[in-house]
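This briefing covers side-chain contacts: charged pairs first, then aromatic rings, then charges placed over rings.

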Amino acid sequence: MPSAEYWQKRSEQLAQRQFDKADQYVGELNKEYQRAIQEIRRNIEVFYQRYADNNEISLAEARKKLGGKELTEFKMTLEEFIAKAKNNQDGRWTRDLNNTYYRTRVSRLEALQTQIRQQVEMLTESRQKGAQALLGGIYEDTYYRTIYEIQKGIGLGVSFASIDQQGLKTVLKTEFAGANYSKRIWDDRDRLVRELQTKLTQSFIRGDSIDRTISDMTERMNVSRTNAARLVQTESSFFANQATMAGYKASKVVQKYEVLATLDKRTSEICRSMDGKVFNLNEAEVNVNYPPFHVRCRTTVVPYFDDEIDAGERIARDDEDNVYYVPGDMTYKAWYDKHTGGTGKGETSPAGNRLDLKPIERLQLAEVDKKLIEYEDRIRNEPIEHAYAITEKGEVYHSIGTEGNVQIDAIGITNLRNSRVTHNHPSPYGDPGGSFSRDDIIKFFACSLLELRAVDSKYRYTLKREKEIMLTPGEVGSLLIQANYDFRSKTTIWDLEDGYDDKHLTMEEFVLLVDGLFYKREPLT
């Protein structure tokens with residue numbers, strides 16, 4: 001039987017593995033918050049540039065209705081918001097966007113509040129998906145590794161239940177301290193939206209300067225960021241310890257556990273007092289005698305074996321299931337593949353995005369056109385976005401995104417210069433995903449792409465440049481607004497009744513405003 005130090009070391013390593021995942025995700029979450037804050041700042045700056053008098057805006061001025069061209073611009077923004085929110089887990093925001101879209105009178109303040117809320121909603125959706133992937137991964141990894149370490153340590157094992165996706169979803173609904181992680185994220189979203197809208201209105205009532213307004217909004221966003229990090233770290237501890245308990249029970253050998261606190265200057269008094277205490281597994285109660293004991297708790301547990309009986313003897317004597325030998329030099333991957341059907345499961349990113357930073361293949365220039373079509377046939381019906389980038393050197397990079405986004409510029413702007421990129425626009429409800437978004441066009445110019453393509457269930461969309469063209473994101477946005485306005489001025493009521501692709505018609509007008517651009521849409525066979 002291994003020593004107590006053996007079990008302590010293994011438990012510490014496994015717990016730290018999960019805490020590191022949580023810390024990594026918090027780092028990614030901080031970046032997402034910073035991007036949202038920057039976008040909110042940009043929206044407020046544009047608002048003040050348009051409507052401020054001596055760097056101040058009164059509430060009466062903010063409540064004035066949008067004019068004709070302003071309303072057209074806002075409708076275009078709403079269309080982009082609706083497309084991004086199409087698959088969000090909470091359908092309430094999609095309904096609100098649709099209701100706003102069909103209103104004929106919208107105030108300046110309402111438009112700005114909608115833009116700010118969009119950032120909060122997209123951030124919340126990302127938090128929901130990221131937390132689900134992180135916590136599910138932590139639970140599954142801890143469960144299997146706990147059983148593995150016990151079986152490896154005592155040299156014997158028994159059959160145990162594998163984790164299926166439905167079972168994992170049920171586990172993730174488990175409440176801790178009165179609520180589960182998902183409800184806490186939604187509640188934080190609602191509170192953040194209310195407080196941001198209140199602060200914005202108060203700024204206009206006071207006649208605050210742009211700097212004061214941005215400062216107030218940023219401060220509230222940073223409070224939400226701190227709350228989000230605390231939630232991730234606390235829930236990660238909860239699910240890691242819940243999976244450890246489930247692993248102990250599945251091993252059919254662990255009947256007691258010992259509390260193991262991380263002893264340093266940050267260790268709480270409750271964790272110091274619980275450190276080293278032994279409890280029966282069937283009496284474990286979270287926040288009483290089983291961790292976590294408080295927010296951001298780093299305490300874990302260790303299997304405890306009485307000296308009077310050998311664990312291997314107990315498992316052979318007490319269990320009626322199949323007993324098997326587990327070699328001491330058996331790797332976790334070999335053990336995992338044996339007991340889970342050889343799925344070869346590896347690490348996944350908490351945010352659900354993956355980029356192959358090394359080229360997946362190298363092509364001759366004559367092969368590029370054929371390969372682009374091959375990639376498009378492969379991804380056109382995928383439920384999430386994929387992108388393939390072929391560089392000037394013929395190197396192929398593959399990026400995997402989410403239902404509404406893929407980071408085609410993640411390999412570096414320098415590498416993408418004069419590249420040809422294709423990606424898919426998913427069609428989750430059967431309707432074609434449509435032509436290029438504003439983000440697509442901005443990346444086309446920012447990365448100096450030679451060609452950008454997109455495919456959905458019905459069409460291929462192609463944008464090419466025939467010479468060097470330099471456009472800033474602001475210039476692209478202004479041109480798209482003008483293009484959208486131009487096509488709408490040509491659209492008849494009969495066109496609307498027949499249905500139309502807003503983004504495609506905007507692109508047809510857009511290329512007329514920029515010399516050296518080529519755009520086409522062609523049906524797929």
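Asp-216 and Arg-212 lie 4 residues apart in helix α8 (residues 210-251), so about one helical turn separates them. The two form a salt bridge, with 3.3 Å between the closest N and O atoms. The model is a predicted one. Asp-216 counts as buried, at 11% relative accessibility, whereas Arg-212 counts as partly exposed, at 41%.

**Other salt bridges**

- The structure has a count of 36 salt bridges.
- Lys-183 and Asp-187 are joined by a salt bridge with an N to O distance of 2.9 Å.
- This pair belongs to helix α7 (residues 181-206), where Lys-183 and Asp-187 are 4 residues apart and therefore separated by about one helical turn.
- Lys-183 has a relative accessible area of 44% and is partly exposed; Asp-187, with 31%, is partly exposed.
- Glu-61 and Lys-64 meet through their side chains in a salt bridge of 3.1 Å, N to O.
- Glu-61 is partly exposed because its relative accessible area is 22%, and buried would require a value under 20%.
- Lys-64 is partly exposed, with a relative accessible area of 41%.
- A network of salt bridges links Asp-369, Glu-376, Arg-420, Glu-451, Arg-453, Arg-460, Lys-520 and Glu-522.

**Aromatic pairs**

- The number of aromatic pairs in the structure is 17.
- In the pair Tyr-257 and Tyr-290, the ring centres are 5.1 Å apart and the planes stand at 85 degrees, so the arrangement is edge-to-face.
- That pair connects distant parts of the chain, since Tyr-257 is in strand β2 (residues 256-260) and Tyr-290 is in the loop between β3 (278-280) and β4 (300-304), 33 residues apart.
- Both Tyr-257 and Tyr-290 are buried.
- Tyr-459 and Tyr-461 make a tilted aromatic pair, with 6.1 Å from centre to centre and 55 degrees between the planes.
- Tyr-459 and Tyr-461 are both buried.
- Phe-47, Tyr-48, Tyr-51 and Phe-204 form a cluster linked by ring pairs.

**Charges over rings**

- Lys-69 has its charged end over the ring of Tyr-485, at 5.6 Å from the ring centre.
- Lys-75 is placed over the face of Tyr-101, and the distance to the ring centre is 4.8 Å.

Methods: Residues numbered from 1 in each chain as written. Predicted model: local features only at pLDDT ≥ 70, side-chain atom pairs only at ≥ 80, totals over all residues. Heavy atoms only, no water. Phe/Tyr/Trp six-rings, centres within 6.5 Å; stacked < 30°, edge-to-face > 60°. Helix = DSSP H or I, 4+ residues; strand = E, 2+ residues; numbered from the N terminus. Buried < 20%, exposed > 50% of the residue type's maximum accessible area, 1.4 Å probe, protein only. Lys NZ or Arg CZ within 6 Å of the ring centre and 35° of its normal. Salt bridge = Lys/Arg side-chain N within 4 Å of Asp/Glu carboxyl O.
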